[in-house]
Amino acid sequence: MNRWLLWVPLGLFAVFFAIVAAGLMRPKDNIVESKMVGKPIPEFTLPAAVEQRPALSSTNLATGEPQMLNIFASWCVPCIAEAPQLLELERAGVKINGIASRDTPQDIANFLNRWGNPYARIGTDVRSIVQLELGSSGVPETFIVDSKGVIVHQHVGDIRKEDLPELLKIWKEAG
Amino acid sequence: MKHLMVLFALLTAAPLVAQSALPASPYAHQQLADPNKEAEARALMDELRCLKCQSQSIADSNAPMAGDMRSQVRERIAAGETPEEVRSWLIERYGDWVSYNPQVNALTWPLWAAPLILLILAVWLARGRFRRRKDK
């Protein structure tokens, strides 16, 4: 047998070890990306979440202008953290639609009074049905929908100040 | 004293990430009336990954979202969909990731092929050894 063939098992083990070690050292990534990005918004109709804003259905999202769709909840702490950024997007001219996840009208109204209301429409999704249709796995999450109603981007987690330029860019390009 | 204060702070701390106060979906904790359909739904729920607690199945998880998913699975199966239809409905939205039972495709076929290839390789190696011994 060739001398160097003796080293093959050790070499294979080294490769195996390197793969496992790299996997162990990589930071954990819990983000679940929706496979609906690039597809038209699924059909849905949600009742109004609060009196001050109209209800939301999928037809409201294919109106010839790019829009954002933000999934939030009054019981979600990161949603409070992203509230100022949503208001800033609204000031920049972005039409933001809200989906309130597993929430009561009273709690949603209190949340909006306290942290601001950047939403044009708010639908209430008490059983996460539309959230599952969208491939969304939690709150907060924000989708950018283009003028034809196709989902072009998903932002998982709260929107931070440093995310704003990128989101505005994608929104402008979706027009 | 310091330890006591820390203990007190821990005892009175409110959870940072509260969960929804709304009641669970109708079939989150309730079985289907038809035992055959319930068995089908249950088998599928064991193989679907919870989106919140990512190492649990939705059958195991107490997360409200897992409850909503269980309810959807039961309602869809009660409405006549097959478990595989429900599974592909979720895979279409969340990717292969959501199912614990991987489907055979261009990326996953080595999972089934590798053991066969290794077995064939082992038989071939062993044959070579036995033959050499005979020659002696």
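A word on conventions: residues are numbered from 1 along each chain as its sequence is written, while chains are lettered from A and ligands numbered from 1 in the order in which they are written. The model is predicted, and local features need pLDDT of at least 70, side-chain atom pairs count only at pLDDT 80 or more, and totals for chains, interfaces and linings use all residues.

**Chain B**

Let us start with chain B, whose secondary structure comes to 5 helices and 0 strands. Helices (H or I, at least four residues) and strands (E, at least two) are DSSP runs, numbered from the N terminus. Chain B is split into domain 1 (23-102) and domain 2 (104-136), with bounds that come from an automatic or database domain assignment. Taken over C-alpha atoms, the centres of domain 1 of chain B and domain 2 of chain B are 39 Å apart.

Of the 136 residues in chain B, 22% are buried. Here a residue is buried if 20 or more other C-beta atoms lie within 10 Å of its own, exposed if 12 or fewer, and partly exposed in between, with C-beta atoms placed from the backbone.

Helix H2 (residues 35-45) of chain B has Glu40(B), Ala41(B), Leu44(B) and Met45(B) buried. The buried residues of H2(B) fall within an arc of 130 degrees seen down the axis, so they line one face of the helix; the arc is that of the directions from the helix axis to the C-beta atoms. Turned away from that buried side, the other face of H2(B) carries the exposed residues Pro35(B), Asn36(B) and Ala43(B). Helix H3 (64-78) and helix H4 (83-94) of chain B are among what covers the buried residues of H2(B).

**Cores and contact**

A nonpolar core is a set of buried Ala, Val, Leu, Ile, Met, Phe, Trp, Tyr and Cys residues joined through C-beta atoms within 7 Å. The largest nonpolar core has 35 residues, and those touching the most other members are Met68(A), Phe72(A), Ala73(A), Ile99(A), Ala100(A), Phe143(A) and Val145(A). Apart from it lies another core, of 18 residues, including Leu132(A), Ala41(B), Ala66(B) and Met69(B).

The contact between the chains takes 18 residues from chain A and 22 residues from chain B, where two residues are in contact if their C-beta atoms, placed from the backbone, lie within 7 Å.

**Backbone details of chain A**

Phe143(A) also has a bridge partner, Gln154(A), in E7(A). Strand E6 (residues 141-145) and strand E7 (residues 151-156) of chain A pair in the antiparallel sense over 5 bridges; pairing requires that DSSP finds at least two bridges between two strands. E6(A) and E7(A) form a hairpin with 5 residues between them, and Gly149(A) in the turn has a positive phi of about 90 degrees.

Most residues other than glycine have a negative phi, and most peptide bonds are trans.

Finally, a cis peptide bond joins Val139(A) and Pro140(A), with omega of about -10 degrees. Pro140(A) sits in the loop between H4 and E6 of chain A.
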